[in-house]
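Reader: I am new to this structure and would like to go through it step by step. Could we begin once it is on display?
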Amino acid sequence: MRGILGYGTYIPYRRLDLSTVAEVAGGGGRKGTRAVASYDEDATTMGVEAARAARRAAPEAGIESLWFATVSPPYLDKTNATAVHAALRLSEECGSYDLIGSVRGAMGALRAAVGQPGPALAVAADVRTGLAGGPDEAYFGDGAAALVIGDETDGSVVAELGAWVSLTDEFADRWRRPNEERSRVWEERFGEVRYGAIGRDALDHLFKSTGTGPDDVDHLIVTGTHGRACRAVAQRSGVPSDRVVDDLGTVVGNTGAAHPFLLLSAALERAEPEQTIVLLVLADGAEALMVRTTPAVEQRPAGGSLARQLGNGAPISYGRYLAWRGLLPVEPPRRPEPARTSSSAAGRSVPWKFGFEGSRSSDGAVHLPPLPDDAVHLPMADARGTVTTFTIDRLSYTPSPPMVFAVVDFDGGGRLPVELTDVDAAEVRVGDVVEMTFRRLSSADGIHNYFWKARPYRKGDD
Amino acid sequence: MGSHGIKDKVAIVGMACTKFGEHWDLGVDELVLQAAEGAFDSAGVSRADIDAYWLGTAQSGMSGLLVSRPLRVNDKPVTRVENFCASGSEALRQAAYAVSSGAYDVAMAIGVEKLKDSGYQGANAFPVPSDGTNRTVTAAAMYSMIVPAYAKRYGIGVDEVKQALARIASKNHANGARNPRAQFRKEVTVEQLLAMPRIAGELSVFDCAGVADGAAAAVVVRAEDAHRYSSSPLFVKGLSFVVGDGSGVSDPDYDYTTFPEVIASATEAYRQAGITDPRSQLAMAEVHDCFTPTELVLMEDLGFCERGSAWKEELSGSFDLTGDLPVNPDGGLKSFGHPVGASGLRMMFEVWLQLRGEAPEDRRISTFGARNLALTHNLGGYPGEMVSFVSILGTEGPGS
């Protein structure tokens, strides 16, 4: 039976306290926080982090296809999933595809992954923006989640995939022009009524086709593009309210395409064996999916890695948040901006640049970057390291000065002088343990320069 | 096989150096002209007497045309060389070998850099198309890593290291203040230096070399011809150049308190020149103080003092003008300024002045008259991946 072999989530480190918005923007905000992607993160980098976590949970599954969904693709024309593919060091034969532009696309990614013969990876990630002081700024959040789908022969199935109801409906309740920083919405009541009806239809279909009812549901997830409609459908579903999965709205916010996978992961992280989870996604129609956990669902890190990611955040000021998103134009450093990355040079160094592969020479020394004549290639992305020395560079160009730069010695050998991220300069100490994270160093001429940085290892990030 | 050096085979018979600084009214052409014509005059030659030119510049232009065009030199070889911040020294080294081989009778080495046309403060490397994974950290930040590393290795406080660094900057500013060609001619006290805001690690702007425009040039001939051009030539006693394999940046054993390339190049130059105790044999040294911690480490790597003692020696004034081994009597990169391709030849220009008694009295080295050998040290790159040049020059020729 096809099912979920592993799931992984990624909540960016920074949290915006939404009660600070109104003072600046004149209105908006709310109680609680939203997750904020760093200035060096985008949907691709966060997707990589979530996918790395999912693959750690299902290490035996040899991924044969990759499906990447996002509303905020870093590239058009060019496929974004290929960078995820490269960072995960997947095989060349692993087909990698984007489903971009809509929240609903995530369910398409999952459906495609389920429909494949071999192990498949569905990844969804989003950086969700809205204009300052608007409701979307407070409703949205940034994050990613990934699911490894496969059969029992590919690993331990933690949840079997059951019935799936898909209803498509054309109406413009929420939309965004390409390359705009904001979504536009129709009058709220219209969507609430329309989604209310189609959401109930989808649940009815699901229960009928499986011979089940609301009482059989142990965890109900309702998410989508219309917050109020989701809450209303959950309330009227007949599923007891204590079985409705929290939508993470007060801490993370709605992460767009990532949110269905994120909430499914949240449910799996708390579920007991032999429980039923229903995922209902209200986005341009309705997608209802029933999954059934197996005893393997308990094979997970104690405490749950998403729970620990939620607890690991640090605040960011509203001004810096706006600057990071490009919504507040701040004076750039008075230094030359980075030149664009050479596509041909980058194309030659994919294992290093994207896969973070070093090499080992015959004398046993580890080389980062790899030496051209070393035969042994070493995957280093999951190696932890220690800060041997570091410096704070107030001169170097960075979109978020100052640059914190450390000499990192990796467990098992290898040294790299590398930029630190997700860190406050004053907190860095020699001896700090760090882990590698895939980031966007800069962008020039529309080319994003992806590479790795180090960040403090905080228990639970994995 | 082997490195043999060219001790006493080549002499410098004329030198010139422009004022270093912000030359808003001078371009590369004018700087080249000033330095070249000054060196022609110094050697008593005309440009027609020069058989071949070597030009050192890191990024102020390309090809020998940078010299041939402003000097209106036709039908002569002009070779542009580049080796990071040691490009000027590299030009001198190539010119010296060329005359030593007999290929040419008279050669000119010239170094030039026009840094102040970039529109940005600080020096910025020319972007080479890349895969985007190279470090973007500044040189100041890379060299700032020496400070905590040095403190840790020798069990002293970072504050003690900072005192020594401030003393280095203060010394070099005091020397530069007495040098009309220097970019910064203001004395700065240790207290003022310690109060500066930090820009990279523990370093302030005043721990960094001055970003300057400038040029310097030398005329070289075979030693046996030297007295036809100058009554007091400078003889080349040793020239060494070492390029590391860059493994330091990825070697977990590298600890940022020493530059192996410098040790190797100094060892080779001392061997060529027959120097066994540089501290007592050298009259002076011009070293590559691109950042104050660089000078600190160089004092040990060049063998001027014991490991772990440079900070104390700097504090006690051993390397002051009045010390027993004056270091950077012209102000160094710190206050003379660092027009990259010109700096190596600028160092030799100070040797030219000091050993031959032409340095002004208020900047004269304590060893003048007592010793007749001097060292210049010019490096490029970063801790762990650098190029290093050492020359030994002296006033006594082969016959004496």
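Author: A word on terms comes before the domains: domain bounds come from an automatic or database domain assignment. Please also keep in mind that this is a predicted model.

Reader: Which domains does the assignment give for chain B?
Author: The assignment for chain B gives domain 1, made of 10-118 + 212-234, and domain 2, made of 139-202 + 237-392.

Reader: How many residues does the contact take from domain 1 and domain 2 of chain B?
Author: Domain 1 of chain B contributes 35 residues to the contact, and domain 2 of chain B contributes 30 residues. The C-alpha centres of these two domains of chain B lie 24 Å apart.

Reader: Looking at the side of domain 1 of chain B that touches domain 2 of chain B, which elements give two or more residues?
Author: They are strand 1 (10-17), helix 3 (87-101), strand 4 (106-113) and strand 7 (214-222) of chain B. Helix 3 of chain B gives the most to that side, with seven residues. By class, this side of domain 1 of chain B has 19 nonpolar, 11 polar and five charged residues.

Reader: Let us stay in chain B. In what sense do strand 2 and strand 3 of chain B pair?
Author: Strand 2 (residues 52-56) and strand 3 (residues 78-81) of chain B pair in the parallel sense, over four bridges. In one of the bridges, Gly56(B) has Val81(B) in strand 3 of chain B as its partner. With helix 2 (residues 65-71) of chain B, the two strands make a right-handed β-α-β unit.

Reader: Now helix 5 of chain B. Which of its residues are buried?
Author: In helix 5 (residues 146-153) of chain B, the buried residues are Ile146(B), Val147(B), Ala149(B) and Tyr150(B). Their cover includes strand 18 of chain A, as well as helix 4 (139-144), helix 6 (158-177) and helix 11 (292-301) of chain B. Gly155(B), which follows helix 5 of chain B, has a positive phi, near 65°.

Reader: Chain A came up there. How many residues does the contact take from chain A and from chain B?
Author: The contact takes 34 residues from chain A and 28 residues from chain B. On the side of chain A that touches chain B, the residues divide into 18 nonpolar, eight polar and eight charged.

Reader: One last topic: which residues are buried in helix 7 of chain A?
Author: In helix 7 (residues 227-235) of chain A, the buried residues are Ala229(A), Cys230(A), Val233(A) and Ala234(A).

Reader: Why are they on the same side of helix 7 of chain A?
Author: They are on the same side of helix 7 of chain A because they cover an arc of only 130° around the axis. Their cover includes helix 6 (188-210), strand 11 (219-224) and strand 12 (276-282) of chain A.

Methods. Residues numbered from 1 in each chain as written. Chains lettered and ligands numbered in written order. Predicted model: local features only at pLDDT ≥ 70, side-chain atom pairs only at ≥ 80, totals over all residues. Pairing = 2+ DSSP bridges. Right-handed = clockwise from strand over helix to strand, strands pointing away. Contact = placed C-beta atoms within 7 Å. Nonpolar A, V, L, I, M, F, W, Y, C, P; charged D, E, K, R; others polar. Buried ≥ 20, exposed ≤ 12 C-beta atoms within 10 Å, placed from the backbone. Arc of directions from axis to C-beta.
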